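Here's a quick tour of a protein model, put together for someone just starting out. Have a look at the structure first, and then we'll walk through it topic by topic.

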Amino acid sequence: MLSPVRPLSFLSKLTIFAFVISTLPVIFIGSFSYFTSSNEIQKNVNNSKMELILQITSNVEHKLTTVNQTLNQVINSSVLKKALNNPLSETDFILYNDLRNEIRNMQSFDTKLEDVILLNQQQNWMIKNSGVYRLNEYKNHAQLSNLMNIADDTSWILNPSSLFYSEESINVTGCNYSISLIKKLPTNKLQKYGLALANIPVCSLQDFINSDVQPLDDIIVLDQAGRFLLHPDTSLIGKPKEQGGFKEVPLISDPSKQSGQFKTVINKKNYSVTFMRSQLNGWVYLSVTSMESLTKESNKIGMFTIIVCTFMLLFSILLAWIGSRRMYTPIERLLNQMGQRKPDIKSRHRNEFQIIGEQVHSLFQSKSQLEKEVRQHFQQVRTFFLINAFHGNVKKRDLLEELGQFGYQTQLVEWKTMAVITLSIDYAEDSSYEKKDLSLLLFAAHNMIEELICPEQRLAPVIMDHAVVVLLGSPDCDTQSFHKTLYSLTEKLQQEINNYLKVQVSIGLSLPFNAFDKLAIAYREGLEALKHRIKLGKGVIIQYENINSGKHYLNLNYPTHKENDLMDAIKLAETDKAKELIHLLFKSIFALELSPQEYQIPLTRLLNNLLIMMQESGISLNQIYHANGSIFEELHDLHTVAEIEDWFWSMVIYPMIKIFISRQNAQYQNISEKIIDLIQHEYDTDLTLEECASRLHYNANYISSVFRKETQYYFSEYLTMYRFKMAKKWLQETDMPIKDIAAKLRYNNSQNFIRSFRKQEGMTPGQYRDNNTGTKSKPTFDESM
């Protein structure tokens, strides 16, 4: 007889229903992808193009910022300030020569500067690469003088190259246009009568174009006026964007839109355009991609997806039907183990899912969450611990305990002999990589070490001090055997990395040791071995025992914290504090029980670190040390502590402090220029000295004294003067009512404005307008008062 068919339980019915419902979205997604695959492809391409735009924007703006900074140094130099008040006749050759040297210092290969022009309308002279000219005798003096009418004191403008090279017969760069950084002179006065122009040929921007892509599949740059600065078709450079196919594109023309994507038609073809607007100068960077290449295969992908999803649906229904008949048996057993019976479930109107869910949720909720968080942070915590251990920042009694907690209990028990290896990339100029790729190469070498060396032979490798550091160990007590194994392993590492990454690496080996508490000493031995690449060359394996007669690293208790405090005091030009710190530093050094020869180690280290800080700060050795011999030999010729301390102070530290003091004084002028720029752009707001101080990240009293020292005006006086300047301009050039002018200049009412104007100019605003426009206007009610 046939056995009766057992009715499906609630769980079985729900399983079939869930299988079917969960598969339906696959059909929907497949159908939807048929129509949207091209959009998804375009979205991915737009993301990659936006990253490319970000990189190119960063490169271009870095170069423009460098030009701006170097031009600021020229216009703020004492030579230019002196020249602005001088007619520069034939008797001023020395002044002209100094000024030309300032200009030449700006023109480097990195900035691509073609010419730097200085002109002075007041003294009627102009200086450029080819010499000094009388401004009114220069062929294009009228066009150059018109640049004084630009609204801002600092601007980036696209100009024809012929404007600056009219007297030469040949255009050396071959560019018809140049990008000009224009600054009005003098910078700290309201009345401007001179210009400084730094000209970059537009052609230099072509260095950022990828020559392997098809036309219009690359980067295009527009200036603020919508003209092409960069285009694969060089004939369009300097032309309006409409001539290049960008017609009726409001996203580009709207300054409030900083970035985005849109579609357009160029030469009867559809293109997807990703753009970004520069915060530095308002230029628009565009990445143009052909829609035809994006959507070519989307139809095939969509149809294939629909066919596959339909098959999956039918197969899932069949599988759910068969599987649900067999699924309930283990579920029923689980419910019985939980003490739940079918009559109890039915009486409480509950199903199997509710029962199982409640039991499992209450049992594993907290534990699962904790394990998840531990797994996420385990590797980061382990790496941080190993870095501290290599640096010697972990106490001896905690080292073994924490190693065991990180899963190295077997190594702690079995390892009898250990050594530290330090692996560093040997960068070469002829390599296919760039210096910025060194971090990625170290990460790749780190991963290869994990794959090539089994976990039983090593701890986890870490990247620190521009090297991959790893501790290797062995149960073998024979040092010679371990040494051979170690050397063979490092040779294999070196060869495999060279084969796969195509770079040379050098490896430093510490002396073997048998206790984990010597980890920090071994790490320093490995780094010390790597330093001998200076003599041995690249791609070498260096053993510390070959350079130090088999003796372990001398662990001197060098007062690093006091040295860092001294460095900070020097940079901040704190003379008294630096004097006190150098005394405390020498007291700590000579408190060590060392031989006279060993005292040379911390003294040489101190001098070397001071010279490194000096070099990183842009100070040359000739600025502080004028003798012909070696500064290190002079140090070694000193014999007493007092002589050495006095020599460090008088020959090295105090000369550096004086240089930092002079730099602080130069910083004052930069602060004043930034305050003037804020006033000129936000004079019609409730601008205060405290707000300026907050934006510039300085104390309000400090910037007030700096501004007074540089301009001879208080902040409020200068702000009032500039507002009256704008008021007179509006009275002369517009019909704006006086009450509106008063409101724009932040006066509470027009009567206060009229009273202040009369006190400043000796007449009312209405009278001033009549005298300067030739028309009579009726006095307002406030003026009659």
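Asn124 sits in the loop between S1 and S2, and its phi is near 60°, a positive value in a residue other than glycine. Keep in mind that you're looking at a predicted model. Most residues other than glycine have a negative phi, and most peptide bonds are trans.

- You'll find Gln712 in the loop between helix H23 (700-711) and helix H24 (715-733), and with a relative accessible area of 52% Gln712 is exposed.
- Going from Leu185 to Pro186, the peptide bond is cis, with omega near -10°.
- Pro186 belongs to the loop between S5 and S6.

**Salt bridges**

- Side chains of opposite charge can pair when their charged atoms come close.
- How many salt bridges does the structure hold? The count is 9.
- One of them joins the side chains of Asp115 and Lys128, at 3.5 Å from N to O.
- Asp115 is in strand S1 (residues 115-120) and Lys128 is in strand S2 (residues 125-128), so this pair ties together parts that are 13 residues apart in sequence.
- Lys436 and Glu434 make another salt bridge with their side chains, at 3.6 Å from N to O.
- Here Lys436 counts as exposed at 57% relative accessibility, while Glu434 is partly exposed at 45%.
- Lys577 and Glu574 also meet in a salt bridge, at 4.0 Å from N to O.
- Lys577 is partly exposed at 45% relative accessibility, and Glu574 is partly exposed with a relative accessible area of 31%.
- Salt bridges with shared partners also join Glu682, Glu691 and Arg695 into one network.

**A nonpolar patch on the surface**

- Phe304, Val308, Phe311, Met312, Phe315 and Leu319 form a nonpolar patch on the surface.
- Together, these residues have about 630 Å² of accessible area.
- Take Phe304 as an example: you'll spot Phe304 in helix H7 (residues 298-337), and at 57% relative accessibility Phe304 counts as exposed.

**The second largest pocket**

- Rolling a probe the size of a water molecule over the atoms shows where empty space is left.
- The second largest pocket holds about 1,300 Å³ of space.
- Its lining has 41 residues, and the ones nearest its centre are Asn68, Asn72, Thr154, Lys183 and Asp677.
- Helix H1 (10-75), strand S4 (154-160), strand S5 (177-185) and helix H21 (641-682) each give at least two residues to this lining.
- Which element supplies the largest share of that lining? The answer is H21, with 12 residues.
- Sorted by class, the lining of this pocket has 20 polar, 11 nonpolar and 10 charged residues.

**Closed cavities**

- There are 2 cavities of 30 Å³ or more, and the largest cavity has a volume of about 60 Å³.
- Among the residues lining the largest cavity are His483, Leu486, Pro512, Tyr544 and Glu545.
- Helix H13 (479-501) and helix H16 (544-547) each contribute at least two residues to the lining of the largest cavity.
- That lining splits into 5 nonpolar, 3 polar and 1 charged.

- Ala642 is part of helix H21 and is exposed, with a relative accessible area of 56%.
- Leu205 is in the loop between strand S6 (194-201) and strand S7 (219-222), and at 5% relative accessibility Leu205 counts as buried.
- Leu205 and Val221 are 16 residues apart along the chain, and their C-alpha atoms are separated by 9.2 Å.

Notes
Residues numbered from 1 in each chain as written. Predicted model: local features only at pLDDT ≥ 70, side-chain atom pairs only at ≥ 80, totals over all residues. Heavy atoms only, no water. Patch = residues over 30% accessible without salt bridge, like charges linked within 9 Å, V, L, I, M, F, W, Y side chains within 5 Å. Areas by Shrake-Rupley, 256 points an atom, 1.4 Å probe, with all protein chains shown as cover. Helix = DSSP H or I, 4+ residues; strand = E, 2+ residues; numbered from the N terminus. Buried < 20%, exposed > 50% of the residue type's maximum accessible area, 1.4 Å probe, protein only. 1 Å grid on protein atoms, 1.4 Å probe; cavity = no way out; pocket = protein on both sides within 12 Å on 5 of 7 lines; lining within 4 Å. Points joined across faces, edges and corners; volume = space filled by probe spheres on them. Nonpolar A, V, L, I, M, F, W, Y, C, P; charged D, E, K, R; others polar.
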